[in-house]
There are 2 protein chains.
Amino acid sequence: MNNFDFYRPTRYIFGHGCENDTGSYAKEYGFKKALVVSGGNFAKRSGLLARVCSSLERAGISYVSLEGVKPNPRADLVYKGIELGRSENADFLLAVGGGSVIDTAKAIALGIPYEGDFFDFFLGKSKPQKALKTAVVLTIPAAGSEGSNSAVIEKEINGNIVKNGLGCDFNVPLFSVMDPELTFTLPAYQTACGVTDMMAHIMERYFTNTQNVDVTDRMCEGLLCSIIANAPVAITEPDNYSARANLMWAGTMAHNNICGVGREQDWATHHLEHQLSALYDVAHGAGLAVMFPAWMEYCLRHDVMRFAQFAVRVFGISMDYEKPERTAKAGIAALRAFLKRIGMPLNFEQIGAHSEDIPKLLDMLGVDDHERFEGHFVKLHRSDCEKIYKLAAEYRD
Amino acid sequence: MNNFDFYRPTRYIFGHGCENDTGSYAKEYGFKKALVVSGGNFAKRSGLLARVCSSLERAGISYVSLEGVKPNPRADLVYKGIELGRSENADFLLAVGGGSVIDTAKAIALGIPYEGDFFDFFLGKSKPQKALKTAVVLTIPAAGSEGSNSAVIEKEINGNIVKNGLGCDFNVPLFSVMDPELTFTLPAYQTACGVTDMMAHIMERYFTNTQNVDVTDRMCEGLLCSIIANAPVAITEPDNYSARANLMWAGTMAHNNICGVGREQDWATHHLEHQLSALYDVAHGAGLAVMFPAWMEYCLRHDVMRFAQFAVRVFGISMDYEKPERTAKAGIAALRAFLKRIGMPLNFEQIGAHSEDIPKLLDMLGVDDHERFEGHFVKLHRSDCEKIYKLAAEYRD
């Protein structure tokens with residue numbers, strides 16, 4: 001186990017109807033004016049935004065609203081939010097939505113007190129020194145941003161889309177209000193995308209070269225088992241509170257790093273996927289469903305026993321002690337079968353991606369065959385990434 | 001899953017040699033004067049206390065030292081600490097030790113700004129309104145107090161020992177410094193007591209009437225599996241860093257309530273045991289090893305399938321689908337075999353307790369056959385508790 005310094009002080013308020021008290025929670029922290037960030041679609045139509053805003057009013061907190069966050073959120077709206085937050089003297093951000101909304105709010109919270117361009121932080125040109133606090137009313141269990149220290153924002157620079165993440169303590173939400181009922185109306189496809197995203201967050205941590213991380217291995221495996229059990233229920237019975245609640249809590253645990261401490265993490269698949277969703281505007285979860293099994297296939301021989309452990313403990317495959325590689329492969333096949341069952345795509349064609357674009361994806365990824373690489377479990381240079389994209393492109397069920 | 005409000009903002013600094021930087025961590029929070037609480041035995045002989053104090057000095061933090069905390073910590077020393085902290089103007093508590101030391105520090109931290117008797121908080125007569133911050137250098141993985149909101153203190157009142165716990169946000173440590181190497185010299189018996197305590201913390205949460213808590217079930221089971229795998233290694237190879245590290249992190253996860261959210265918890269066994277350790281001054285873990293299997297035996301029929309799930313997922317027992325009770329019982333037998341293997345006692349005789357004292361234990365417990373009871377999984381009145389104590393007294397290997 002590696003040394004670590006873990007600090008995730010988010011307060012989680014979880015359960016039936018808790019969003020109706022958002023204002024009173026915010027009041028506990030002495031806030032006066034919220035910048036409420038939302039997608040403005042589900043949140044508005046469902047009446048959620050109105051309910052949250054009226055809870056702010058009841059608590060004597062005024063607010064200004066910024067709507068229109070889209071999936072794979074863009075820097076444009078962040079700039080708009082920074083301006084609005086400054087001119088309206090907002091003293092905290094309230095994100096009402098899923099990962100894209102929360103990440104937009106986090107970026108605005110960093111940008112308001114910063115004199116330069118907030119995207120400097122995402123380009124690694126500058127380090128945040130302060131930020132407003134961000135609170136969350138979660139509507140989509142997927143990105144885990146409600147408990148994580150990370151945010152991902154896209155910006156067009158010189159005609160190219162740059163999609164970058166930033167991890168820092170300022171990004172950890174102050175409190176997150178989580179009512180599983182808010183996810184009853186999530187369509188099956190979006191539910192499945194969320195499920196795939198949270199599984200990927202765990203697997204990025206699970207596949208590691210760090211030895212003797214048994215506690216976190218077991219926690220990862222337990223979360224995966226639970227997600228695999230609850231996802232099909234949530235998809236076939238969208239208003240099953242228990243399934244929705246288990247998925248929602250699993251999504252937070254998957255990415256607040258409680259399962260990732262003390263171990264090297266990989267994250268190649270996320271970077272490989274980010275290029276897909278930047279180029280085709282495909283849902284992040286769907287892109288991950290295509291890329292993760294391909295990555296696993298490519299990396300399997302790096303540590304057959306770890307993939308075998310995954311197969312046995314997560315998918316209940318019987319261990320083949322003579323030929324562990326068979327078990328390892330059966331685990332990847334079981335993952336693909338599960339993803340297919342919940343309606344996820346498994347190859348390029350199914351997400352409208354084209355193998356001819358692979359060189360472009362590789363350019364966007366920006367790794368070469370020498371110094372720059374993706375991933376820590378297996379260091380992937382350009383030619384490796386090319387092979388993984390090809391595996392993903394060519395996979396046939 | 002039940003609604004919950006979860007807030008555990010402790011920062012965990014974990015790994016080789018991190019205790020040597022305790023001072024610089026404390027300095028980040030602006031502290032000027034520490035009241036350093038310790039048992040004064042291991043911490044002193046091993047040079048740990050001197051190293052921690054010199055790290056405080058290097059960081060420009062002065063300190064005053066309170067030594068002599070004993071297992072099952074007493075109120076006397078808390079009063080002494082409150083006086084010392086006030087007269088020396090300490091602005092934070094630094095606990096260097098295990099659960100007893102940490103709990104003593106937490107109680108002092110509550111008592112310093114309080115005008116009345118701090119034990120009022122533990123008797124439920126008064127609620128804490130403020131407290132000094134407590135930081136920790138952990139030396140014994142067991143009580144989980146380094147990440148929990150609870151503290152347990154004993155006080156003699158009218159000739160009787162009253163052992164009470166208090167859970168509140170003020171009890172959550174600010175930061176905990178955790179170096180597994182500090183536990184290399186823990187004797188096998190004490191290691192095993194700690195292991196039993198952390199397993200009990202998980203099982204008190206695991207045996208619940210709350211339905212559909214799959215995520216936390218799986219996390220509990222994963223932690224238990226990992227403890228069961230690592231404990232025998234730590235006992236036979238005391239300086240095995242990996243085993244010690246996994247146990248140390250598992251002990252924190254077992255009790256910071258990350259595995260207990262959204263579910264009714266039981267805690268009868270802890271209360272049954274507290275009377276044993278109050279009357280005989282037996283180690284809490286040893287008392288739990290005697291009481292937990294007895295409690296399980298008594299409660300088995302309340303929910304056979306939950307005990308069967310425990311047996312299958314934690315101890316790898318094959319499910320008997322025709323007679324699940326067999327599986328459930330095999331799980332309890334496996335737990336006893338494990339506890340025996342790590343050197344734990346399994347009945348009254350082995351801890352110097354006497355079945356003749358059962359009426360006295362029941363009086364101390366203070367439950368009756370009508371309104372007052374212990375436990376939530378099964379509500380235990382006096383006659384139930386009597387039967388459980390008898391099972392524990394009479395168990396023969």
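Predicted model: local features only at pLDDT ≥ 70, side-chain atom pairs only at ≥ 80, totals over all residues.
The interface draws on both chains. In chain A, 38 residues are in contact with 38 residues of chain B. Together the two chains bury about 3300 Å² between them. Carbon and sulfur atoms account for 61% of that area. On the side of chain A, M1(A), V215(A) and W249(A) lose the most area to chain B. These three residues together make up 18% of what that side buries.

Polar and charged links also cross the interface. The rule finds 22 residue pairs in polar contact between chain A and chain B, with both residues at pLDDT 80 or more. Two salt bridges are found across the interface. One of them joins R11(B) to D5(A). The closest N and O atoms of that pair lie 2.7 Å apart.

Several elements of chain A supply the side that touches chain B. Strands β1 (4-6) and β2 (11-14) each supply at least two residues, as do helices α8 (214-236) and α9 (241-255). The most comes from α8(A), with 11 residues. By residue class, the side of chain A that touches chain B divides into 22 nonpolar, 11 polar and five charged residues.

Strand pairing also links the two chains. β1(A) pairs with strand β2 of chain B, residues 11-14. The pairing is antiparallel and runs over three bridges. Within this arrangement, F6(A) stands opposite Y12(B), a residue of β2(B).

Note on methods. Residues numbered from 1 in each chain as written. Chains lettered and ligands numbered in written order. Heavy atoms only, no water. Contact = heavy atoms within 4.5 Å. Buried area = accessible area lost by both parts, 1.4 Å probe. Salt bridge = Lys/Arg side-chain N within 4 Å of Asp/Glu carboxyl O. Polar contact = N/O pair within 3.5 Å; in protein donor to acceptor, adjacent residues only side chain to side chain. Helix = DSSP H or I, 4+ residues; strand = E, 2+ residues; numbered from the N terminus. Nonpolar A, V, L, I, M, F, W, Y, C, P; charged D, E, K, R; others polar. Pairing = 2+ DSSP bridges.
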